[in-house]
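The structure is shown first.

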Amino acid sequence: MNLYMDTYNLRARLSVGIILLSPILLGLYLQIEAVRNLSTTAVMTLALIAISNIIVVMTRLVGKKASNKIKQRRVYVRDCFKQMNRYSRERICTNLIAVTPLFATLENEPETEQDAVEYDRILDSAIDIIEERTRNLKIVVDENITYGFCRNMLGVKKWGILLALALYALEFGLIQYDSLQYGNPEMVITILINTAYLCMWLFLVNANLVEFSANNYAEAILKAAGSISFCTSNGEPSDND
């Protein structure tokens, strides 16, 4: 496996691709005896490792498209900052002012619409600094991974549903073609697994899941921003968005 396959890629991107494909893999193991032997399993494992990078790229792409249809992660951080109590906000601003006095503007609520536009512009710059300085903290890393996972799951949702329906057609087609498949324990288990995955895509993976994880990320990053010093950086800029 590519050595650069870090925790974010594994948990937020690659795992999404594996979940998407797992009904096919489980069905193959249940229905085809040859797939269960060691040599075939080894070949399938190597094949999955070989395509792991393309899975990462594709899940990132569809995740980006999904995020374009809902509020951006930054908007949740911005909204969370505005809803914080004055004491918590002042603690964050104290750290930000140590970087540049410009951020003193964030201590007070904007009074006019023009002030609000300028306030949001400065706040966006502050969020850039907050994300850079807190990106290596465990609480932020965990919530960022969870958000990325939920966003990418939403991105591949339609593919998961289409795949489940295609598998249903194949499974019931096999039953019609071969009457011995009717009541076959392996076939019954395969259909139940497919049903479970379809229910997951239909009822569990939705925009509310992404919103929940985005809010948790926003709370985590702002909590961290109020508890550390911004005088030194905690890491290099990240592309894990």
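## The loop residue N184

N184 is found in the loop between α8 (157-177) and α9 (185-204); helices are DSSP runs of H or I with at least four residues, strands are runs of E with at least two, and both are numbered from the N terminus. N184 counts as buried because its relative accessibility is 19%, where buried means under 20% relative accessible area, exposed over 50% and partly exposed in between, with a 1.4 Å probe and protein chains only. The side chain of N184 reaches the backbone nitrogen of E186 at 3.2 Å.

## Basis of the model

This is a predicted model, in which local features need pLDDT of at least 70 and side-chain atom pairs count only at pLDDT 80 or more, while totals for chains, interfaces and linings use all residues. Residues are numbered from 1 along each chain as its sequence is written, and side-chain values use heavy atoms, with hydrogens and water left out.

## Overall composition

The protein chain has ten helices and zero strands. Of its 241 residues, 39% count as buried.

M44 is found in helix α2 (residues 38-50) and, at 18% relative accessibility, counts as buried. The C-alpha atoms of M44 and L25 are separated by 9.2 Å, and the two residues are 19 apart along the chain.

Helix α7 (residues 138-155) consists of 18 residues. From its first C-alpha to its last it reaches 25 Å, close to the 26 Å expected at 1.5 Å a residue; the expected span is 1.5 Å times one less than the number of residues. The buried residues of α7 include V140, N144, I145, Y147, G148 and C150.

L61 lies in helix α3 and counts as partly exposed, at 40% relative accessibility.

## Cysteines

The whole structure holds zero disulfides, a disulfide being a pair of cysteine sulfur atoms within 2.5 Å. C93 counts as buried at 0% relative accessibility, whereas C199 counts as partly exposed at 34%.

Technical notes
Polar contact = N/O pair within 3.5 Å; in protein donor to acceptor, adjacent residues only side chain to side chain.
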